[in-house]
Amino acid sequence: MATNFTYEATDASGKRVKGSISAGSQNDVVADLRRRDLTPISIKKGGGRSKSGGSSSGGSFLSLSVGSKGKKQKTAKKASAGKGELEVFTRQLSTMLSAGIPLLEALEILGEQAESPGFRFCLEHLVEDIRNGADLSRAMEPHRKVFSDVYISMIRAGEASGQIDIILTRLAEYLEANAALKQEIKAAMTYPVISLCLVIGIAGFLLIGIVPSFQPVFESLEVELPQVTEILMAIALWMQGNWYMVVAGAVAAFFVFGAWKKTDSGQRSWDLFTLKAPVFGSLFQKVALSRFARTFSTLIKSGVPILGSMEIVSQTVGNRIISEVVDNAREAVKQGESLSKPFGESKMFPPMVTRMMAVGERSGALDQLLEKISEFYDQQVNAAVRGLTALIEPLMIAFMGLVVGAIVLAVFLPILKLQETLAG
């Protein structure tokens, strides 16, 4: 038996419309609205047919919004994705939609295949919310720990254009490129970090476990110790008696540094340091520029408006200094100025980048030139990582030899001095 439903929905332009439908169930109402290119917001059971969508007082309310606020917070806390899981999901979902499999069925299949419980939980809620009438982008919004602003904005653009399978392919390529870039950086940083930890560990072991044992030997020699040996011995004896203070100080410094980095001024100072740091500064700048160009290009190509794209890029570029330049450019575009001009005035963006952006802006091919910039800097990052790996290895070996050699030399200087005395 047909029942009257009043609804509120949005059309393709985002304008809200209201009305009433006679249907057998809420799902039939949702299907009817979809056929008319309307996105349902809420459906109210009961009420008569009217343009305004009025209803009787006794009608039951069936909301199509993505759960209550409490539910959003709850699901957002539990939802998570394992390493590489989102990239695989995006690629598989794109393939399944291109093959003609309905979105809901594709999500159910991928939810059953999900490896991590957190991601399976997330996909189950996506299926539930979409079954209740929500768009995919709206269903993803409570799960921002899994789906970033870039992801949700591109899905929303795909829904508006009817090319969600193509958008998902671009998203998969974007995520895979970002993952490859992160892997390159991890590879570049792993060796120097491990080497530095080894140097500190060996130096600490020598100072705490070995050097103090030479004190009775030095006292029995009855010779005046060189100043460098006295300093080293004093440091070693203090560290041996106060090792817990050294450990506690190192742990406290780590947490203080982490808290400082979370502040606005601390984050900005650290990001500026990473861009200006010797040896690694150039690498981090290339990484930031590659991420900026790739994200900006992907969003524009997917149909996200340029101002919205710039806002998302500012939030996801990963460097506060670059983010400030993007924000300034966004304000300039709002005032009707050229996009490339603010970037050209910044010292963070090389002339090659700003000139290519200017050409793309004039020719209407900004997304393509930004993609070329991203590819160029990806190659630069790969070359820089290979160069740094080849350079850092001998440097760290030399540094380790210098530290250990200095400690050993300071220990044996008194013995050499005694030999000279006896020989004279």
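Guide: Contact here means heavy atoms within 4.5 Å. The model is a predicted one.

Visitor: Which residues is Ile-164 in contact with, leaving aside its neighbours within four places in sequence?

Guide: They are Leu-97, Leu-136, Ile-155, Gly-158 and Glu-159. Ile-164 itself has its place in helix H8.

Visitor: Why is Ile-164 called buried?

Guide: Buried means under 20% relative accessible area. Ile-164 has 18% relative accessibility, so the residue counts as buried. Between the C-alpha atoms of Ile-164 and Ser-302 there are 9.4 Å in space, although 138 residues separate the two in sequence.

Visitor: What makes Val-317 buried?

Guide: The cut-off is again under 20%. The relative accessible area of Val-317 is 2%, and therefore Val-317 is buried. Val-317 sits in the loop between helix H14 (306-316) and helix H15 (320-334).

Visitor: Which residues is Val-317 in contact with, beyond its neighbours within four places in sequence?

Guide: Ala-288, Arg-291, Phe-292, Ile-322 and Ser-323 are in contact with Val-317. Leu-289 lies 28 residues away along the chain, with 8.3 Å between its C-alpha atom and that of Val-317.

Visitor: Why are H8 and H13 called roughly antiparallel?

Guide: Angles over 145 degrees count as roughly antiparallel. The axes of H8 (residues 164-210) and H13 (residues 281-301) cross at roughly 175° and come within 11 Å. The two helices are therefore roughly antiparallel to each other.

Visitor: Which residues of H8 and H13 meet?

Guide: On the H8 side, they include Arg-170, Tyr-174, Leu-181 and Met-189; on the H13 side, they include Phe-284, Val-287, Arg-294 and Lys-301. The residues of this contact divide into nine nonpolar, four polar and three charged.

Visitor: Which residues touch the most other members of the largest nonpolar core?

Guide: That core has 60 residues, and those touching the most other members are Phe-89, Phe-147, Tyr-151, Phe-292, Phe-343, Phe-349 and Met-357. Tyr-151, leaving aside its neighbours within four places in sequence, is in contact with Leu-86, Phe-89, Thr-90, Met-140, Leu-168, Leu-171 and Leu-175.

Visitor: How many helices and strands does the chain have?

Guide: The secondary structure comes to 18 helices and four strands. The chain has 424 residues, and 41% of them count as buried.

Visitor: What is the accessible surface of the chain?

Guide: The surface comes to about 22,800 Å², and 59% of that belongs to carbon and sulfur atoms.

Methods
Residues numbered from 1 in each chain as written. Predicted model: local features only at pLDDT ≥ 70, side-chain atom pairs only at ≥ 80, totals over all residues. Heavy atoms only, no water. Axes fitted to C-alpha atoms, helices over the stretch in contact; angles between N-to-C directions. Parallel < 35°, antiparallel > 145°, perpendicular 65-115°, else oblique. Nonpolar A, V, L, I, M, F, W, Y, C, P; charged D, E, K, R; others polar. Core = buried A, V, L, I, M, F, W, Y, C linked by side-chain atoms within 4.5 Å. Buried < 20%, exposed > 50% of the residue type's maximum accessible area, 1.4 Å probe, protein only. Areas by Shrake-Rupley, 256 points an atom, 1.4 Å probe, with all protein chains shown as cover.
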